[in-house]
Amino acid sequence: MAPTLEERTTRDQIRRNWWLSLPALAILTVAAIGPLLVVLVYSFLTPGEYGNVEWKFSTEGWTSVFVTKDIFDETWKLADAHMTIFWRSVKLSLITTGLTLLVGFPTAWFIATREPRAKALWLFLITIPFWTNLLIRTFAINQIIRTEGLLNTGLLKLGIISTPLQITYTDTAVLIGMVYVYLPLMVLPLFASIDRFDMRLLEAGYDLYASRAQVLRRVILPLVKPGIVAGSILVFIPCLGAYVTPRILGGGKLMMIGNFIELQFGQGRNWPLGAAISILLLIIVSIALVFYVRAINGENRDA
Amino acid sequence: MTENAAIEARNVSKHFGQGDGVVRALDDVSVAIRQGEFFTLLGPSGCGKTTLLRMIAGFESPTSGEIRLNGEPITHLPPNKRPVNTVFQSYALFPHLSVAQNIAFGLEMLGKPRAEIDARVQKMLALVRLEQLAGRKVSQMSGGQQQRVALARALAPQPKVLLLDEPLSALDLKLRKEMQSELKRLQRETGITFIFVTHDQEEALTMSDRIAVMSAGRIQQMGTPREIYTQPVNRFVAGFIGETNFLSAEVRDGQATLPGGITLPVRARNGQTTLAVRPELMRIVAAGTPAALPATVADAVYFGTDSHVHARLADGAEVVVRVQSGADGASIPAAGSAVGLAIAPGALQVLED
């Protein structure tokens, strides 16, 4: 259909007023693209002896992400340690996303089905953790799960366990921490989706012979999918780059990509490698975002 | 009566709350709806008609009483186990599915084979005349089209009983008229028992085989549209269905003394009683005519096909008389003039009150 006069006028107006976005563009260029370019350039330089970089072109930063040279026989081997860290990051991020979805969905459903005033209160409660520093919250989690912490003391007192559980400095600890930290990011978009869901469709589903499970799968999930996708992306991406949580609850040994990058810029004194991994992380996140946009567009095309 | 009932409610009550604050949404309602009948539950909002419908659908369970489908008790069966489908007031179509997918939903849940589902969907699309729009998203359709999809979706699984919860209330007048005859046609063609809920008395009169008029959680009267209109049993039914004039009368030995002193024969017990008479069953005659109510014309409103003449009786009560417009432009008595109101034989209805 040809654009109407109104549509054409609106479009012309938008085109004429492009200069209004100049300040935003300037800030984005300097503050977002600038540093990224620096990181990209650094990834192709040679590491300096005491950190920093020497202005000499090298691809070693990138190759050493994937392969390492054996110090004895000088053969190239796959960088197992790096791959382990990448894999752990992706794995923990996926599990965290899954767990927050599992916990967040009933939570969001509960909030969305309350009275309007109760709804506002519950949403407010969900956002309370944002008011406290992440570092402090993570230490607080540590107080709960450490050997002499609340959880172990409680379980011991109740006689459920006889020896304290070793949770800190394990993947489980990192998972608990990340699920706790990122849960609100899952609940909020899920809530937005479920809140828009027409509850009368449930009755229509039951009336047409669907069981509860079928109503969930055939009616609820397809309609709240945008919320699930948005929540999953919002949890998965920061999880992948998580630094504080694995640093404190993983004890620095069970590294994720974030900690590994920090190591290269700190003790490792290998800035090009750190820069290369940073860019790699960015690429992984971008791929995840492409999937997200695809899913959302698919949704709109269907609707 | 009970053997061939498609749906039977026996002494069904539904109470919300407890103690003094108890709300009786349904108060000891018994009704038997026959196989293949177009049955209407008619009443103002809050009269319990929707509650009764939702109970038959399985969305609510009665506080006491029993619901039977073809003689089998279904009182505590969940909605997805009842061979009963609903057309919702809001239609409640699945927005993520196409027209055909919406219609197929119930059949898929019943686990019918694909070929059978496809054939049935085609048949339903033809039945509601939407063959061209099978692949369309329901969100892109007009209200009338959505209504047809909702009907097709509810009819597709061939329910024993189709429940319709004020399905026409969201449509404009012209479309509503169209859908009324469409619904009648669908009911004739499918032979399915329809239970129709509405607050629109005209809709109920034109479409139903039988009507149950409900108020305050009780069935006030049950019968054919003609029975309900011509022989209302109480003030509520008489007032809710069509326009009615109420006359207070003193009855003695089969003779009712009406305002103005005239007497007419009625079949009622002795004492003070209320009589009802429809506006179209009274005629304006010359003042002083025997057996005509003396009255004074207060006002007349012209409606095209007829005029409504408002007249005041001797006791001060106001009544309305409908005067059909004649080809000659029959004259309407001027305001303030004294007239007589002749009542057609048998037009006086004694109300239980």
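User: How many residues of chain A are in contact with residues of chain B, and how many of chain B with chain A?
Analyst: The model is a predicted one, and its two chains A and B touch each other. Taking contact to mean heavy atoms within 4.5 Å, the two sides of the meeting are 18 residues of chain A and 27 residues of chain B.

User: Which three residues supply more of the area that chain A buries against chain B than any other three?
Analyst: Between them, chain A and chain B bury about 2100 Å², with 61% of that area on carbon and sulfur atoms. On the side of chain A, 38% of the buried area comes from one set of three residues, namely Asp207(A), Leu208(A) and Tyr209(A).

User: Which residue of chain A forms a salt bridge with Arg54(B)?
Analyst: Side chains of opposite charge can pair when their charged atoms come close. The count of salt bridges between chain A and chain B is two. In the one that Arg54(B) forms, the closest N and O atoms are 2.7 Å apart, and the partner is Glu203(A).

User: Which element gives the most residues to the side of chain A that touches chain B?
Analyst: Across this interface, eight residue pairs are in polar contact, with both residues at pLDDT 80 or more. Two elements of chain A, α9 (200-207) and α10 (212-240), each give two or more residues to the side that touches chain B. By class, that side has ten nonpolar, three polar and five charged residues. The element that gives the most, with seven residues, is α9(A).

User: How many residues apart in sequence are the parts that the pair of Arg10(B) and Glu66(B) ties together?
Analyst: Over all chains, the whole structure holds 29 salt bridges, and one of them joins Arg10(B) to Glu66(B), with the closest N and O atoms 3.8 Å apart. Because Arg10(B) lies in strand β1 (residues 5-16) of chain B and Glu66(B) in strand β4 (residues 64-69) of chain B, the pair ties together parts whose separation in sequence is 56 residues.

Terms used: Residues are numbered from 1 along each chain as its sequence is written. Chains are lettered from A and ligands numbered from 1 in the order in which they are written. This is a predicted model: local features need pLDDT of at least 70, side-chain atom pairs count only at pLDDT 80 or more; totals for chains, interfaces and linings use all residues. Side-chain values use heavy atoms; hydrogens and water are left out. Buried area is the accessible area (1.4 Å probe) that two parts lose on being put together, summed over both. A salt bridge is a side-chain nitrogen of Lys or Arg within 4 Å of a carboxyl oxygen of Asp or Glu. A polar contact is a pair of N or O atoms within 3.5 Å; within protein, one must be able to donate a hydrogen and the other to accept it, and residues adjacent in sequence count only if both atoms are side-chain atoms. Helices (H or I, at least four residues) and strands (E, at least two) are DSSP runs, numbered from the N terminus. Ala, Val, Leu, Ile, Met, Phe, Trp, Tyr, Cys and Pro count as nonpolar, Asp, Glu, Lys and Arg as charged, and the others, Gly among them, as polar.
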